[in-house]
Amino acid sequence: MVEELITRGVPCSECQAGIMHYHKVTYLTWLNEDLITVPDFPAWVCDVCGRREYDGQAIFQLNLLLNPTAGKPTPAVRKHRVSKKKPQQKRPRPSRPE
Ligand SMILES: [Zn+2]
């Protein structure tokens, strides 16, 4: 299905007239003070208004790469204290009638 979209293109959500085609573009983003350039980044570019929409999955993966805390295990889940039940005391049975 994705391949079909790539060959046909998708209608532009901005101008409604153009078709957004799949392109590999250079993605620019700032990481703190550093400008990061990512060549061959998948994006959809409108042939009329030039609107660019970057591939969501690729953005997600890029953010994982750029985020230094990505992939690290989250802080340990708080452990619930399990209150130990007191062992039930055996009641001395009333003496059986014999
Ligand atoms: Zn457009």
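How many residues lie between β2 and β3 in their hairpin, and which residue in the turn has a positive phi? I looked this up before anything else. There are two residues between the strands, and N32 in the turn has a positive phi of about 55°. I note here that the model is predicted.

Entry: overall layout. I went through the secondary structure of the protein chain and found two helices and four strands. Following the sequence, I wrote down the pattern α-β-β-β-β-α.

Entry: the sheet. I checked how the four strands are arranged. They form an open sheet, ordered β1-β2-β3-β4, with antiparallel pairing. I then looked for the edges: β1 (10-11) and β4 (52-54) are the edge strands, and each of them pairs on one side only. As background, strands of a sheet pair through backbone hydrogen bonds, in either a parallel or an antiparallel way.

Entry: β1 with β2. I found two bridges joining these antiparallel strands. Here P11 stands opposite I19 in β2.

Entry: β2 with β3. I looked up the bridges for this antiparallel pair and got eleven. I noted two partner pairs along it. W30 has L35 in β3 as its bridge partner, and M20 is partnered by C46, also in β3.

Entry: β3 with β4. Strand β3 spans residues 34-46 and is joined to β4 by three bridges, with the two strands running antiparallel. I picked out A43, whose bridge partner in β4 is Y54.

Entry: helix against sheet. Which strands does helix α2 lie across? I found that α2 (residues 56-66) lies across β2 (19-31), β3 and β4. I also took down its angle to β3, which is about 170°.

Entry: What share of the 98 residues in the protein chain is buried? The figure I have is 4%. For the cut-off behind it, a residue is buried if 20 or more other C-beta atoms lie within 10 Å of its own.

Notes: Residues are numbered from 1 along each chain as its sequence is written. This is a predicted model: local features need pLDDT of at least 70, side-chain atom pairs count only at pLDDT 80 or more; totals for chains, interfaces and linings use all residues. Two strands pair if DSSP finds at least two bridges between them. Two residues are in contact if their C-beta atoms, placed from the backbone, lie within 7 Å. Axes are lines fitted to C-alpha atoms, for helices over the stretch in contact, and angles run from 0 to 180 degrees between N-to-C directions. A residue is buried if 20 or more other C-beta atoms lie within 10 Å of its own, exposed if 12 or fewer, and partly exposed in between; C-beta atoms are placed from the backbone.
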